[in-house]
Amino acid sequence: MARNPRYDILFEPVRIGPLTARNRFYQVPHCTGMGYDLPHSVSRMREVKAEGGWAVVNTEYNSLHWSSEDAPYRLCAMWDENDIRLQSLTAEKIHRHGALAGTELWHGGNHSPNRFSRETPISPSGSTQHAVFPLQTRAMDREDIRNLRRWQVQAAKRAMQAGFDIVYCYAGHGYLPFQFITKRWNQRTDEYGGPIENRARLLKEMIEETKEAIGHKCAVAVRLAVDELIGPAGVTAENEGREVIDYLAELPDLWDVNISYVENDSMSARFGEEGHQEKYIGFVKKLTSKPVVSVGRFTSPDTMVSMIKRGVCDFIGAARPSIADPWLPRKIDEGREEDIRECIGCNICRAHNNQGVPIRCTQNPTMGEEYRRDWHPEIVTPKRGFANDQVLVVGGGPAGLECAMILGKRGYQVALADAGRELGGRINRESRLPGLGTWGRVRDYRLGQIAKLPNVEIFLESRMDKDTILEAGYRHVILATGAAWRRDGIGHNVYFPLPGLDAANVLTPDDVMSGKQPSGSIVVYDDDQFYMAGALAERFRAAGHDVTLVTPGLDVSSWTLFTDEQFKVQTKLMKMGVNLVLAHRLEAWHGDAAAVACIYTGASRRVAGETLVTVTARQADDGLYRSLKEDAAAREAADIVTLRPIGDCDAPGAIVHATYAGHRAAREFGETIDPDQFPFKRELVFVK
Ligand code: ADP
Ligand code: SF4
């Protein structure tokens, strides 16, 4: 198909210093949880994006010297010759598809506890670490500053040698050059402290010296956080953010501007709309003639066009949209906008990097598997084994939808049966919770793709039981029947059923999401500690209920720490007037009060309420699977040769686990899988 002329502007080439980008799609640097530990994995992942049409593909943060490293989180490094070899893999793969390769040279200053290198951390004035850590930083003297400048230049030269086209001076996300800019961390009295020209001096020198060293061949980009969203205590778009851009306007070849810190820059959909950064970065283009990149979880080509036409930016920057759909630009170019797998803003990608493991994505199950499992986000192996057989997928939630879609794309005949009137499973319920509307995209993308596959037949209002499956005549049955929230209190902190939970005024999230209205004051008990209880508490409070949230966690929705949302969730609930009882586990429900006990002392107390909503563990809906599994004779008589549970029915989890399980089952269907063979390529360092 041809590209819609409305989007032509997105495919105009743009000059960046000595180079030209083929279009306006710019994959900004983003963490991967792979870095130098997994060079083949990370380079292949970047390659797939270049193939998908991005004009610029950047690496993640790339330590310019070992006095700044971030172990156990994974990063790239430009420390010596070995790194040149390692990273040339990435540059070469990006070039293979006509994209420019960029790299973000990084020094974290007081964001680098140096747990691996054990170097003394440095910062402009000596301060605590950004995160609580029992080692402070040394105030940099002039020699330290000279060293830093030299290290930046050395690393830039190595980056050029590795084949990179764009090299960053990185003053975003609170890192070292930024620490000089903000008064909070720069209390120096020499020529690097005081007026903004002094505080921006280091960044200026780094840009000038990097350009001098590699500017004949490479473009030099600057990433700057123009607002920290903490008001006058920090940098704002009204003061230093603007002043730095004004002062250095024409110096770099490109401005990559954003807001700090990562939780604001990568704001989840729960807290920020597409394009939410515009109000902060909108001024930048007025102050410089250099190309400007900005991000904002852009997935709509019309919004992108509007950003360019209104003069907000020259490039559409993207991290998460390029993770959810590495082929986003190519799809727009080919007039296939409806095929875009839109990021839902769930921040599961962030959560995995934040745990020091390779990123994965709710929408794109191939993320992180491009090399080690040879999974491509758009290309699947055509059907091989069982090529003439039909497959029955029972359950049309995220697991069943993904599985049916990929089986269909592989060319299999698929029947997708669901008990409900519409497909989507848990997505239909959860996307109606406050702030989670974008999650509906998990269902919508898959329904859109399945609609194009004549070989996938859908059967709604078709509850399957053992007999109907045995009679249906399918040789292959994949069960994606989901899970239900438990009613007995069992969860992370409670191991046996609790008394009183069978009362009529005790509800589970399933009850609430299927329309049961809790009455009066509500106690929400959260032993799940992800998003569900916080979202329900928000909904109840917004409807005027008196709400008390009780959790064994030490803070609200503890696991959202990893999705960079915890602080925002707790702030919101506290501002709404939700009462919090932290570090307490449920012991019983007395009809008008919950008995709860302190997790440390065991001391009991009562929390009064007219309704109790328990958000605990979930129970796999695996009865159907087990009844078939246990009846080998019946299966044999019905000629069923494949039986596989996937998603929540196999082990209840987050949506990311369900889409992954569905994808994997579909990829593995008809293939020879040896359970005794390790299932993917490992990147091992061998001892000679
Ligand atoms: P997952 O996250 O694993 O995809 P969901 O709970 O979202 O699980 O979806 C499960 C789907 O399975 C729901 O749409 C539900 O209606 C459907 N389902 C459950 N049991 C049956 C059954 N016996 N027959 C047909 N559909 C079923
Ligand atoms: Fe977007 Fe969620 Fe995928 Fe991250 S994990 S790219 S936020 S859909």
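This dialogue examines how several structural terms apply to a predicted model.

Student: Why is T614 called buried?

Tutor: Buried means under 20% relative accessible area, exposed over 50%, and partly exposed in between (1.4 Å probe, protein chains only). T614 has a relative accessible area of 0%, so the residue is buried. T614 belongs to strand β26, residues 611-615; a strand is a DSSP run of E of at least two residues, and a helix a run of H or I of at least four, numbered from the N terminus.

Student: Which residues does T614 contact, leaving aside its neighbours within four places in sequence?

Tutor: Contact means heavy atoms within 4.5 Å. The partners of T614 are R486, L501, V506, L507, T508, P509, Y525 and L586.

Student: How many aromatic pairs does a search of the whole structure find?

Tutor: The search finds 16. Rings of Phe, Tyr and Trp (its six-membered ring) pair if their centres lie within 6.5 Å; planes under 30 degrees apart count as stacked, over 60 as edge-to-face and the rest as tilted.

Student: What makes the pair of F11 and F25 tilted?

Tutor: The ring centres of F11 and F25 are 5.3 Å apart and their planes stand at 50°, so the pair is tilted. F11 lies in the segment before β1 (14-16) and F25 in strand β3 (residues 25-27), so the pair ties together parts that are 14 residues apart in sequence. F11, at 12% relative accessible area, is buried, and F25, at 0%, also counts as buried.

Student: Why is the pair of W559 and F562 called tilted?

Tutor: The centres of the W559 and F562 rings are 5.4 Å apart, with planes at 55°, so this pair is tilted. W559 counts as partly exposed at 27%, and F562 is partly exposed at 23%.

Student: How do you know that the charged end of R242 sits over the ring of F283?

Tutor: The definition requires NZ of Lys or CZ of Arg within 6 Å of the ring centre and within 35 degrees of the ring normal. The charged end of R242 is 4.4 Å from the centre of the F283 ring.

Definitions and conventions. Residues numbered from 1 in each chain as written. Chains lettered and ligands numbered in written order. Predicted model: local features only at pLDDT ≥ 70, side-chain atom pairs only at ≥ 80, totals over all residues. Heavy atoms only, no water.
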